[in-house]
Amino acid sequence: MTEKSTQKIPSDKLIQTNPDYNPDVIVETQNLSKIYRDFWGRQKVRALKALDLEVRKGEIFGLLGPNGSGKSTTIKLLLGLLFPTSGRALVFGKDATETTKNERIGYLPEESYLYKFLTAEETMDFYGRLFDMPADVRRQRSDELIRKVGLHWARRRQLKEYSKGMVRRIGLAQALINDPDLVLLDEPTSGLDPLGTREMKDMILELKAQNKTVIMCSHLLADVQDVCDRIAILYQGDLKELGAVNDLLQVSGETSVRARKLPDSAHKEIAEVIARHGGEVLSIENPRTTLEELFLNIVRESEERPGRRAAAAAGEGGTESGR
Amino acid sequence: MVVKDFPDLMRWLFGDSTRTGAFLILLLLILASSLFGLFFGFLVASFRHGPAEAFYTVAKVVAGAIPDWIHISYRRIFAIAGLAIKEAIRRRVILVAFLIFALSLLFGGWFIGGGEHPDRVYINFVMWGTQLLILMLVMLISAFSLPDDIRNKTIYTVSTKPVRISEIVLGRIVGFAILGTGLLAVMGIISLLFVWRGLSHTHQIAVNDGGQVEFQPVDRLATGHRASDNAISGTTTLFDSGHRHYVEVVEDVRGIDDPPPADTESILSQETRGDKIVYQRLQVMHASGHSHNVAVTGKGEAAVYDFSDAKGFFRARKPKYAEMLVFFDRQGEPKREGMSTGDEWTYLGFIDGGITLSRAEYLFNNFSADDFSSTDVLPLELKLGVYRSHKGDINTRIRAGLQIESFTGENETALPRRFRSEVMEFETEEDIIQVKGIPRKIPGQIYGPEGELIESGIYDLFDDFAPNGRLKLTVRCMDQSQYLGMARASVYFRLTDRPYWLNFARGYIGIWMQMMIVICLGVSLSTFLSSPVTMLGTVCAIIFGFFSESIKKLTVPEVSGGGPVESFYRLVTQKNQEEALSRSLSVDAMEQIDKLFISMVGAVTRIVPDFSRLDFSDFLTYGYFVDNDRLAVAFLISFAFCTGLTLMGYFCLKTRELAG
């Protein structure tokens, strides 16, 4: 990335005034609650109950939970799209309702709510202007991001002609136009094909590599598991679990061994060793690849060798990838 | 044309002894609306969070408003404005509006034209058409834009950028304003061309069965039209564009050394009689509000008569109105208003005819020769009403008299010599604008401070009569038992005409100001209401704004028949408006409900902008110039409304959750 495109918008608005601000803590919620009310002020839903969270710099934080658990509400509260009923949300040490914090935030909403009558280029230019970016920086950044999300060929088409996956991609591009320090992704992989999902996950990991902080919410558990460092699990507005993914997923009391080129005769021997040590063999078998992995291999192979793919070869490919 | 207000910017703004200035009223309004806003905000917040938290919330919103307006970014505002413009263009809103406009001109052209004043019909048509279309268009786009953004959640991607609420509101207003201005400018230019093209025409002279032009003596013209004093014969043109003109042959007698008449092309013949030259020339009489020049080439039967394009349609008359009009009754007592000849028309005040002291005095200020292009003869235009108290020939004109005098204002040193002119008699009738040339040198008398006659002679209108810039013009009705009606705008000196295009542009600036208020109202209401409700509110405001005067009349306490409930009751029980209702609890209740309703309607008419003050279509229709003060007052009214509405929209959007 060039020096010009990465330059931050100089602004006195970013001056920190919070004396308790810890630069390592990007997001902090304290007793954050949200109650949705009707027109007459009567309580409709208690969407979030006293949420205490801390998201640190450079981590990928996942918000997990079934529909209606309060994930999107939390994100909207952090963005200032909703006002908390009680408690507070701080982003970069500032109140979430403050506009200036948005200088350093990128947000990809659940369904890429973009203006369908704009082309990709115009979309990027429009959002660049909202960051008060000069024209040359806007142009360069927008060009770079459109290429990055693989939409260069469709840059002059209006978004109403885009497929859902393409809209998602341009949505991500607009979220990154300001080279944000904090990226909030609401269901980032929804609507994407497996290839797109993988690319999205790669991009999230790339953001982490650039020391950016990512908060994503999803109910696609595999995606969260693949990319998140820490997760919070919400259920009906309550925080049920919070911690590092590795810690939470570790199964204590079980051991797994992975080996290559082991003949079937060795299986019996291994079982005997385990029994000798008082252990219980649960299973000894060839591991399976994931369907995602299989699909991606086929697509990659097809890109390299266009034409009809033989069924036998496909079967072989599957076996290969399983080895 | 009815002109009821004669705005003087400074007096309007800062007031005088008789009225409060608009500036002070604005300050009071700002104070009152701020207090109301704070109280209302506090009330709503208390309801939601309790009084202690409410105080903090309101303070936070107010404190946050300052940086929101100080740190606005023009790049962001124009980005949002550009988006609003692109949206309207790509959703083909503009195309549809323009198509409707083009179609209305296309088919409208079939039905208008002809009649007594085709220019008025044309101008009225394009002004009202443009006004209606533009206001409807901006109302629609401003009412739907923000609610659509919130409903489609596209606002999420905007408000999560460093965009201030002030920029969201202003951006939309600026966008729609640019769009509307562009469209209005295009419509204005097309309208002007349409009017010009529609009114442009020429004529051919009428010929007899033998194909010859036949001039008939004046007394044989069965026209009903008055011929000029020096007309000797005449004929007509052929019927074209819904009218025909009478063409007179007039005799112009001039000295041998005098220059010939200015329009030499219209001269038929010239003949020397003694020491005079008599020119016989053609003169095309006015019809349908215009005339033509005529050029004659050739002589006798071989003569060709060539009529020019219509002239006199496109005028922007700049009147010099009197500062004050004072009526005097039969006994010579000054009155604020003239006699009333009935309720149906209260605009004009009437004076008695015959030998009474009844008269109307027009007091002119700042009367200076600099305002006139030619000061040899000053054009005085009069449009007087006539009320006939006995039967007679309706075509008989009423005799009236004009007299000019010097005068001094209150608290001014009296002039040592007062000039009074002879009475200048003239005839008048209803519904015509008469142009009377007042020569600069006029016969009159000089009176001393005690009213004693000093001398008689011919004196200068500016140097002798109005050395202090003040002039009194007295109008009297000379015919017994007849009445002359007039208002302040009925009599004026016509100053140098202003360019027509400038006046046309000013007329469209009036529409532009209305458009701006509708945009701000639409955007402001749409920050907290849904699109249909916003539209309804805006339509109501426009209707109240345009007809506020008529609606205000319904809210005066003395209106007979009561309010809506009482009127309905009278309708059902078949009681007429004047019949007293027998007192009962239900009648009392009915009256109280009506009172409440009427006071609410009255309050609304005071809150909504008075669109009639921004509507200059009558000025264009009747060919009067929209003066600077009137334009400035209209602009300030619009600006104040737009600012207030923008702030209201800002606070409403600021205090609502965008992801509700």
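1. In β18(B), I438(B) is the bridge partner of L378(B). Strands here are DSSP E runs of at least two residues, helices are H or I runs of at least four, and both are numbered from the N terminus. This is a predicted model, where local features need pLDDT of at least 70, side-chain atom pairs count only at pLDDT 80 or more, and totals for chains, interfaces and linings use all residues. Residues are numbered from 1 along each chain as its sequence is written, with chains lettered from A and ligands numbered from 1 in the order in which they are written.

2. Strand β13 (residues 377-382) of chain B runs antiparallel to β18(B), and six bridges join them. Pairing takes at least two DSSP bridges between two strands.

3. Now the helices: the axes of α4(B) and α8 (residues 165-199) of chain B come within 7 Å and cross at roughly 50°. Axes are lines fitted to C-alpha atoms, for helices over the stretch in contact, with angles from 0 to 180 degrees between N-to-C directions.

4. On to the chain contact, which takes 27 residues from chain B and 26 residues from chain A; contact means C-beta atoms, placed from the backbone, within 7 Å. α4(B) gives the largest share of chain B's side, seven residues.

Note on methods:
Contact = placed C-beta atoms within 7 Å.
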